[in-house]
Amino acid sequence: MKKTFKLVVLSSIISTFLFASDNNSSNSIVVDSIGLNLGKLYSDHSQKNHNGIITVTHHPYKNHTGAEIYLTLNGVFDEDDLKPYFSISHSNNDDMTHDCILAGVNKYYKHDHFDIYAGVLGGYGQLDWGYDPINGTKDNNYDANSFIIGLQGGVEYPIDDTLSLGVNAKYLLHDYETQLEPSNSFNATVTHDKTIFLGLGINMKFGEEKKRNLKKSKGTL
């Protein structure tokens, strides 16, 4: 059921892009900004025993450190405050690594000295275990894959006509499942179902947004 819901959300995001591009075919689609976010992630997990009771001697750490590279586009939608968003991210700790690709749409609320945005996200990710969860499990160095949906929000503060500093937060839902099966008599599932990200970043503006930031900086002199 969860996977079906995620597929519906992803299909809706893709359909929105295609519909907007078709209706806005007379406008050129250009890169609006390119940015980098660095921050901390919290990834929650749970274990469900199916047959017998399996004791994991060391559960993976829930906190990760990660980085995200992203870009936004202009010209897809008629409204200037709606911008498509694409990102690639990587995070890790001593136990696991988490990689994902995300796409979505951000709605921007522009103010005199800063911008606020909120958006919806969809994508796909992979979670890699760096150790054997239990001795004898069939899933040594196991990688779990999942569709992802989520929300994000943030604030951007221009420091000149090109560069902006920002704060970004994400709430992601996924279903990374690891099957633990030391024998036919014992098996369990470890599920990582959500990730929270909070980070700081910097981005470089292009085109119309660069001109707008230049006007902002002149207006504050």
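Q: What share of the contacts between residues at least 6 apart in sequence join residues at least 24 apart?
A: In this protein that's 68%. Contact here means heavy atoms within 4.5 Å. By the way, this is a predicted model, where local features need pLDDT of at least 70, side-chain atom pairs count only at pLDDT 80 or more, and totals for chains, interfaces and linings use all residues. Residues are numbered from 1 along each chain as its sequence is written, and side-chain values use heavy atoms, with hydrogens and water left out.

Q: OK, how many helices and strands are there?
A: There are 2 helices and 8 strands. Both are DSSP runs numbered from the N terminus: helices are H or I with at least four residues, strands are E with at least two.

Q: And which pattern do they follow along the sequence?
A: Reading along, you get α-β-β-β-β-β-β-β-β-α.

Q: How much of the protein is buried?
A: 43% of the 221 residues. Buried means under 20% relative accessible area, exposed is over 50%, and partly exposed is in between, with a 1.4 Å probe and protein chains only.

Q: What does leucine 172 touch, apart from neighbours within four places in sequence?
A: Its contacts include Leu102, Leu121 and Ile148, and also Asp193, Lys194 and Thr195.

Q: Switching topic: is glutamate 156 buried or exposed?
A: Glutamate 156 counts as buried because its relative accessible area is 4%. You'll find glutamate 156 in strand S6.

Q: Which side chain makes a polar contact with the side chain of glutamate 156?
A: Asparagine 203, at 3.1 Å. A polar contact is a pair of N or O atoms within 3.5 Å; within protein, one must be able to donate a hydrogen and the other to accept it, and residues adjacent in sequence count only if both atoms are side-chain atoms.

Q: What about threonine 72, where is that?
A: Threonine 72 sits in strand S2, residues 63-74. Threonine 72 is buried too, with a relative accessible area of 0%.

Q: Which side chain does threonine 72 join through a polar contact?
A: Serine 33, at 2.7 Å. Beyond four places away in sequence, threonine 72 also touches Lys83, Pro84 and Tyr85, among others.
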